[in-house]
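Please look through the sequence and the model shown here.

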Amino acid sequence: QVQLVESGGGLVQAGGSLRLSCAASGLTFSSYAMGWFRQAPGKEREFVAAIRWRDGSTYYADSVKGRFTLSRANAKITLSLQMNSLKPEDAAVYYCGDQNLSPSWATPSVTSHQYPYWGQGTQVTVSS
C-alpha cells in the first residue's frame, strides 16, 4: 500500500523560507514521478513542482520557478521542496502526490487527477 507523509509546513512571513518533505513507502511502480500540488480555500488543487524519479528531471509551475527547488533522497524515497521568497499567494495546503509513469521517460503530469496517491497535506501560511 502506497503511503505518502508530508511534513514541514508552518507560518512564515512574506520573503521567508520553508522546507517541506514527503516520505513515500509501499511504491511498487518501476517508474514513477512525485509531485507537489497546493490548494487554497475555494480554489482547485494546482501543480507546483514534480520530479521524474528515474533520472531526476524536475518541472516547476511558472509561479514558483526560481523560488522553489525540489530535491530527493533515494534511500528512503523522500522528496523535499525548498520554498524561498515566499509570498502571501503561496499560502495553501500543500500535498505530495505519486504518479506511475508509462512509458518511463514520460513527463510528469501537471494535472492532479493523474496522481492516484496523495498524502494528508501540510498547511503553509504566509503573513504579509
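The side chains of Arg 38 and Glu 46 form a salt bridge, with 2.6 Å from N to O. A salt bridge here is a side-chain nitrogen of Lys or Arg within 4 Å of a carboxyl oxygen of Asp or Glu. The model is predicted: local features need pLDDT of at least 70, side-chain atom pairs count only at pLDDT 80 or more, and totals for chains, interfaces and linings use all residues. Residues are numbered from 1 along each chain as its sequence is written, and side-chain values use heavy atoms, with hydrogens and water left out.

Are the two partners buried or exposed? Arg 38 counts as buried, because its relative accessibility is 5%. Glu 46 is partly exposed, because its relative accessible area is 37%. Buried means under 20% relative accessible area, exposed means over 50%, and partly exposed lies in between (1.4 Å probe, protein chains only).

Strands (E, at least two residues) and helices (H or I, at least four) are DSSP runs, numbered from the N terminus. Strand S4 covers residues 32-39. Asp 90 is buried, as its relative accessible area of 1% shows.

The surroundings of Arg 38 can be listed through contacts, which means heavy atoms within 4.5 Å. Not counting residues up to four places away in sequence, Arg 38 touches a set of residues including Glu 44, Val 48, Ser 63, Phe 68, Ala 92 and Tyr 94. Glu 46 and Asp 90 are also among them.

How many salt bridges does a search of the whole structure find? The search finds 5. One of the pairs is Asp 55 and Arg 52, whose side chains meet at 2.8 Å, N to O. Asp 55 counts as partly exposed because its relative accessibility is 40%, whereas Arg 52 counts as buried because its relative accessibility is 9%. Salt bridges that share partners join Arg 38, Glu 46, Arg 67 and Asp 90 into one network.

The next topic is a sheet. Strands of a sheet pair through backbone hydrogen bonds, either parallel or antiparallel. In this model, 4 strands make an open sheet in the order S1-S3-S8-S7, with antiparallel pairing. S1 and S7 are the edge strands, each pairing on one side only. On average, neighbouring strands of this sheet are turned by 15° against each other, direction ignored. The angle is taken between axes, which are lines fitted to C-alpha atoms (for helices over the stretch in contact); angles run from 0 to 180 degrees between N-to-C directions.

Two strands pair if DSSP finds at least two bridges between them. Strand S1 (residues 3-7) is joined to S3 by 5 bridges. Within this pairing, Val 5 has Ala 23 as its bridge partner, and Ser 7 has Ser 21. S3 pairs with strand S8 (residues 78-83) over 6 bridges, and Leu 20 stands opposite Leu 81 in S8. Strand S3 itself, residues 18-25, has a covered face of Leu 18, Leu 20, Cys 22 and Ala 24. Its uncovered face holds Arg 19, Ser 21, Ala 23 and Ser 25.

In soluble globular proteins, nonpolar side chains tend to be buried together. A nonpolar core is a set of buried Ala, Val, Leu, Ile, Met, Phe, Trp, Tyr and Cys residues joined through side-chain atoms within 4.5 Å. The largest one here has 33 residues, and those with the most contacts inside it are Met 34, Trp 36, Leu 81, Met 83 and Tyr 94. S3, S4, S5 (46-52), S7 (68-73), S8, S9 (92-100) and S11 each supply at least two residues of this core. S5 gives the most, with 5 residues. Leaving aside residues up to four places away in sequence, Met 83 touches Leu 18, Leu 20, Phe 68, Tyr 94 and Val 124, among others.
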